[in-house]
Amino acid sequence: MSDATLRSGIPLALYAIGLGSNRRHARFGDPRQVLMAALGALENADIEPVDASPIIASEPLGPSRRRYANAVALVASPLSPPAMLERLQDIEAAFGRRTGQRWSARTLDLDILLWSGGTWADRDLTIPHPAMASRAFVLGPLRAIAPDWQHPLLGRSVRQLAAKLVRAKPVDPNASAH
């Protein structure tokens, strides 16, 4: 079997999937263990794991007070972006994900960050993920496994986008201290 085709001979697309958790799961344990279980759940007949980043800890966005465990997985699949989104939502539901308040504590969050097909936009899904270029907890893990992947709209590599986030910002000499 080649890297470019599934057993059936169907050409595969590559997806970068963001994983996040900041809530214990009764069966799997703490958020790091939830992500390990989710990585296993991603693998099935039409999704092949290619690589996974280290799991990092990050501060929450929004009202949640719990720290997140975050990672990125690269998977190959013949699934279309909407079919991949549906599969990810099924996995989230199996892990007890509830819809509700944005950025609240969650057992598992799976997002399509990038797709080798470039861009996708419909009412349910936008690829690349609209906020990925401003999130260190996404770019750090993604840089570990796909540093040269080009953002299809910004024309910059993941490595360049990550470097831009951590680069020191110039100080405005005219700004007041208070």
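Me: Which residues of helix α3 (residues 136-145) are buried?
Reply: Happy to start there. This is a predicted model, and in it the buried residues of α3 are V138, L139, P141, L142 and I145.

Me: And what do those buried residues of α3 pack against?
Reply: Quite a list: β1, β2 (48-52), β3 (56-58), β4, β5 and α4 (158-166).

Me: Let's take β1, then. Is strand β1 (residues 13-21) mostly covered or mostly uncovered?
Reply: Mostly covered, with eight of its nine residues buried.

Me: Which strands does β1 pair with, and how many bridges are there?
Reply: On one hand there is β4 (residues 68-77), joined to β1 by nine bridges. On the other there is β5 (residues 109-115), joined to β1 by six bridges. β1 and β4 run antiparallel, and so do β1 and β5.

Me: Switching to the core. Which residues of the largest nonpolar core touch the most other members?
Reply: Those are Y15, I17, M84, L108 and I112, out of 28 residues in that core. At least two residues each come from β1, α1 (31-42), β4, α2 (81-94) and β5.

Me: Which of those elements gives the most?
Reply: That would be α1, with six residues.

Me: Which residues does the second core include?
Reply: That core is separate and has 15 residues, among them A16, W149, V158 and A162.

Me: What else does L125 touch?
Reply: Not counting residues up to four places away in sequence, L125 touches P81, P82, L85, I112 and W120. As for P82, its C-alpha atom is 7.2 Å from that of L125, although the two residues are 43 apart along the chain.

Me: Now aromatics. How many aromatic pairs does the structure hold?
Reply: Two. In one, the ring centres of F28 and F95 are 4.9 Å apart and the planes are at 25 degrees, so this pair is stacked. F28 sits in the loop between β1 and α1 and F95 in the loop between α2 and β5, so the pair links distant parts of the chain, 67 residues apart.

Me: Are F28 and F95 buried or partly exposed?
Reply: F28 counts as partly exposed, at 24% relative accessibility. F95 counts as buried, at 6%.

Me: And what about the rings of W115 and W120?
Reply: Their centres are 5.9 Å apart and their planes are at 80 degrees, so that pair is edge-to-face. W115 is buried, with a relative accessible area of 14%, while W120 is partly exposed at 27%.

Me: What is T107 in contact with?
Reply: Leaving aside neighbours within four places in sequence, T107 contacts G20, S21, R23, R24, H25, V34 and F95. T107 lies in the loop between α2 and β5 and is buried, with a relative accessible area of 9%.

Me: Last topic: which peptide bond is cis?
Reply: The one from I127 to P128, with omega near 5 degrees. P128 is in the loop between β7 (126-127) and α3.

Key. Residues are numbered from 1 along each chain as its sequence is written. This is a predicted model: local features need pLDDT of at least 70, side-chain atom pairs count only at pLDDT 80 or more; totals for chains, interfaces and linings use all residues. Side-chain values use heavy atoms; hydrogens and water are left out. Buried means under 20% relative accessible area, exposed over 50%, partly exposed in between (1.4 Å probe, protein chains only). Helices (H or I, at least four residues) and strands (E, at least two) are DSSP runs, numbered from the N terminus. Two strands pair if DSSP finds at least two bridges between them. Contact means heavy atoms within 4.5 Å. A nonpolar core is a set of buried Ala, Val, Leu, Ile, Met, Phe, Trp, Tyr and Cys residues joined through side-chain atoms within 4.5 Å. Rings of Phe, Tyr and Trp (its six-membered ring) pair if their centres lie within 6.5 Å; planes under 30 degrees apart count as stacked, over 60 as edge-to-face and the rest as tilted.
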